[in-house]
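Visitor: I would like a close look at a single part of this structure, followed by a careful account of what lies around that part and elsewhere. Please take your time over the details.

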Amino acid sequence: MADAEFAKNQLILFLREWYMHPNGQLPAYEWAFGDVNPPVHAWSCLQVYKMEKERSGSGDVDFLKKVFQKLLINFTWWVNRKDKNGNNVFEGGFLGLDNIGVFDRSNQIPGGGYLEQADGTAWMGMYSLNMLEMALEIAQYDPTFEDVATKFFEHFVYIAESLNRIGHDWTGAWDEQEGFFYDILGLPNGEYIPLKVRSLVGLSTLFAVFVLPKTQLDKLPDFAKRLRWFQQYRKDNGDYLVLDEHPVHGALHLSLIPKERLSRLLHAMLDEKEFLSPGGIRSLSKVHEHGYSVQIDGQTFGLRYEPGESSTGLFGGNSNWRGPVWMPMNFMLIRALHEYHLFYGTEYSVEFPTGSGQMMCLQEVADALSRRLISVFEKDGSGHRPVNGHDRIYAENPHFQDLVLFYEYFHGDTGRGVGASHQTGWTGVVAALIGELG
Amino acid sequence: MKNTVENNRLQEHYSNKKHWLHWGPYLSERQWGTVREDYSPGGTAWDSFPHDHARSRVYRWGEDGIAGISDEWQRLCFAVALWNGKDPIIKERLFGLTGSEGNHGEDVKELYYYLDNTPTHSYMKHLYKYPQAEFPYEQLVRENARRGREQPEYELLDTGIFDGDRYWDVFTEYAKADKNDLLIKITVHNRAPEAAELHLLPTLWFRNLWSFGLMNQKPVIRLQSSDGLKPSDDYRSLVLNHEKMGDYFFYFRQPEHLLFTENENNSERLWGQPNSSVFVKDAFHTALTTNNFEFLEGKTEGTKFSPMYRFTVEAGGSAVFQFRLSGQAVKTPFGKNFDKTFDDRKKEADEFYDSITLSNREQITGIRQAGTDNDQQNILRQALAGMLWSKQYYNIDMPRWLDGDPGQLPPPEERKKAVTTTGVPSTTRTSFPCRTNGNTPGTPPGTSLSIVCRWRWRTPNLQKIS
């Protein structure tokens, strides 16, 4: 937003030989380089590319090429290291969401089992789509990249299918009865236990979405031809299609979520009794206010909705994902809603908030969410910013009233800032939301 | 998009015409308690380099300070230090709790704000709120330890120390007259209903690379003896010499004391080993808190320097201090151009932010549409200022970090095991070097800068590791 060149240089820096492991892994953080954070690097590269293209009129294709080559290595690391059963369903561990599960997802999986993660899989679905989008964008200038686009298209299809469907070696993460995606615990005896925690883990499936306009597809005849063949092949074999084609404008739509499931997921996400808070989407549904527990191997594991402080000592620093609002995840949800809207348009609308009777298209939902997130920092009628919680000095003292802090996360009911008070890097992304709505 | 002056500077920088990003807010707020500085056997980073050591102990991988800047390789640093005459230590760096000291223990317990910054750091503004009463160090530690996890943190505001407005607003501003010519303005407001006294120590220092075999020659900050002697001179100056940077010059008004020392360990305080000289890292702290300046008198060069100003400001009043750090000698460092440069850079910052936030129509006509929300623009500006202020110099050379430096005691062997069990890939030692330091030949400029949260980032606790 302020300095695209600097952003690009930083993104390239992370892919340099002295950051990326020769095996393709990107370090997670200083305390444990070998831990795994969500694979958002490709997404970031695309955001910066698109932002610059929109502003200056031309995109930096060389930058995309540069990062694409390195990301290929990192993508392959994920595929080879974090898909235990080779079923396109991914693990990954804590994936940045410290205490969101009933146990520490990086360690101590109870019962000697392993966790097939809905979010790990969703992130990888998104990663495939990011790589596909990059390849297609580069292919507009360099046709040799058309080939690899097909690879990521097909890879995405496999992931989408795995997440949604019961295969011979996998029960699927979607719970039809409850209309939500869950992590699945695989036990050594072959039994699968769904962990029915309604959280961002399930909502993260929304992130993987991509719309390819017909005009762009028409410029890539080879890719289009292969895509048609693949589509026909799957149709002939009775497989889930994943790919949607718009009857009017002909755009192609790839997402992890079939339309009917999308409606059910959004129904939960936009429900004030579940995820929708005055300050954005919560990390955990409020339905868990009275707790959730599950028996695994004779032990009871549980959690409950905790909108502010967390009572567990799972990770240091008490980063609480059991209810509070986290800006970066909300930002990604908003970005995803924009992309869905590109395909579904104004004809598709959902209730916002759920139960209000007020219907909105997804663009309007995205804007309404943005406004809620921005409102956390804004002065209300009495000059009080929700972010400041009980600190009245910010509302009452002229030497405080225009000062704004960007906290780590926000109370799930009140919007009060919690944790680090200068988490400028990710909470500061609210600047982009203000810029877009302004 | 309108082509603003700031955009032109960016253009110059990225087309390699002028290296505008050489200086910036790259100084961290906390180098103590980081994994990089941890040389303990068990990977207990918070305990092995606590805040209490920071004023006396040399850092290996980076530096820290308040509202500070450095060059992109963090060879030379500048930051603001303060003393209210009551604290047990001078305020050279922000205070916070370690991981185990309370709920959100890793958080800073201070009030400070990033008010403005531009991508080339042509203009920067920072605010630190410094209490006039004794800073409640012990109270913060004690009360946070007492509270459980489910209770909110006990913050500085909760101590009541800002009640009655008995505090200083310390605004630090920077404006670049040129890529290596930085004008510095520190404005101190007494918000209290009565007069109060403050000690201001704008501090310049070199990062200690000489003790680790990373430099041939120790750099030096030297007083220019000719300045300030003629009645017409209204300023003093220093020349700073560093083998990789060449000469820099620093200009300041005559202070009450000229303090020089060395950026060296106070081994006596830290480890009970005798010091080879009294000129150690915490010498200024010792001089102020014991009101003994004698042992520093007569020293006119070193690797750490501060002009010390002691002054009283009436209730509601303010005082302004000017400084200048330049890669070239300047004839009239504090002439009329000083304020004009600040005005220009501030205006250019406004134009730059207007260019990225207002609609084309608003930019062309210069008229803001009804509904352009000033409060939202303020939020946006501070959000981006925070990101730009968060650029920090980050340097770790893994093989060297594991094996230690030549001429130094080798780190304990157990440390290597502690590292392996954290889950670092087993090839760590040979092929996971985060080699971003300045002494790597051929490293392109700027690679050492990373945007990370200045205070803390995701840090799973260490208990599970050991």
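Guide: Of the 438 residues in chain A, 64% are buried, where buried means under 20% relative accessible area, exposed over 50% and partly exposed in between (1.4 Å probe, protein chains only). This is a predicted model, in which local features need pLDDT of at least 70 and side-chain atom pairs count only at pLDDT 80 or more, whereas totals for chains, interfaces and linings use all residues. Residues are numbered from 1 along each chain as its sequence is written, chains are lettered from A and ligands numbered from 1 in the order written, and side-chain values use heavy atoms, with hydrogens and water left out.

Chain A has 14 helices and 16 strands, which are DSSP runs numbered from the N terminus (H or I of at least four residues for helices, E of at least two for strands). Among its contacts with a separation of 6 or more, 66% come from residues 24 or more positions apart, a contact being heavy atoms within 4.5 Å.

Three strands of chain A make up an open sheet with antiparallel pairing, in the order S6-S8-S7; two strands pair if DSSP finds at least two bridges between them. Its edge strands, S6 (209–212) and S7 (243–245) of chain A, each pair on one side only. From one strand to the next the twist averages 20 degrees, with axes fitted as lines to C-alpha atoms, for helices over the stretch in contact, and angles running from 0 to 180 degrees between N-to-C directions. Between S6(A) and S8(A), the latter spanning residues 252–255, the antiparallel pairing extends over 4 bridges, and within S8(A) it is His253(A) that stands opposite Val211(A). Across S6, S7 and S8 of chain A lies helix H8 (residues 221–236) of chain A, which runs at about 110 degrees to S7(A).

Another pair of strands in chain A can be read beside that sheet. Strand S11 (residues 292–296) of chain A pairs with strand S12 (residues 299–303) of chain A in the antiparallel sense, over 5 bridges, and Tyr292(A) faces Leu303(A) of S12(A) across the pairing. The two strands form a hairpin with 2 residues between them, and Asp297(A) in the turn has a positive phi of about 55 degrees. In a regular strand the side chains alternate between the two faces of the sheet. In S11(A), Tyr292(A), Val294(A) and Ile296(A) make up the covered face, while Ser293(A) and Gln295(A) make up the uncovered one.

Turning to links between side chains, 0 disulfides are found over all chains, a disulfide being a pair of cysteine sulfur atoms within 2.5 Å.

In one of them Glu348(B) meets Arg9(B), with the closest N and O atoms 2.9 Å apart. This pair links distant parts of the chain, 339 residues apart, since Glu348(B) lies in helix H7 (residues 336–357) of chain B and Arg9(B) in helix H1 (residues 5–14) of chain B. Both Glu348(B) and Arg9(B) are buried.

In another salt bridge, Arg253(B) and Asp234(B) bring their closest N and O atoms to 2.7 Å. Arg253(B) sits in the loop between strands S11 (246–252) and S12 (257–261) of chain B, and Asp234(B) in the loop between strands S9 (220–223) and S10 (236–242) of chain B, so this pair ties together parts that are 19 residues apart in sequence. Arg253(B) counts as partly exposed because its relative accessibility is 27%, and Asp234(B), at 43%, is partly exposed as well.

A further salt bridge joins the side chains of Arg400(B) and Asp405(B), at 2.8 Å from N to O. Here Arg400(B) is partly exposed at 21% relative accessibility, whereas Asp405(B) is buried at 9%. In chain A, salt bridges that share partners join Glu5(A), Lys8(A), Glu52(A) and Asp60(A) into one network.

Finally, Trp32(B) lies in the loop between strand S1 (23–24) and helix H2 (45–48) of chain B, and with a relative accessible area of 0% this residue is buried. Its C-alpha atom is separated by 9.4 Å from that of Gly62(B), 30 residues apart along the chain.

Conventions: Salt bridge = Lys/Arg side-chain N within 4 Å of Asp/Glu carboxyl O.
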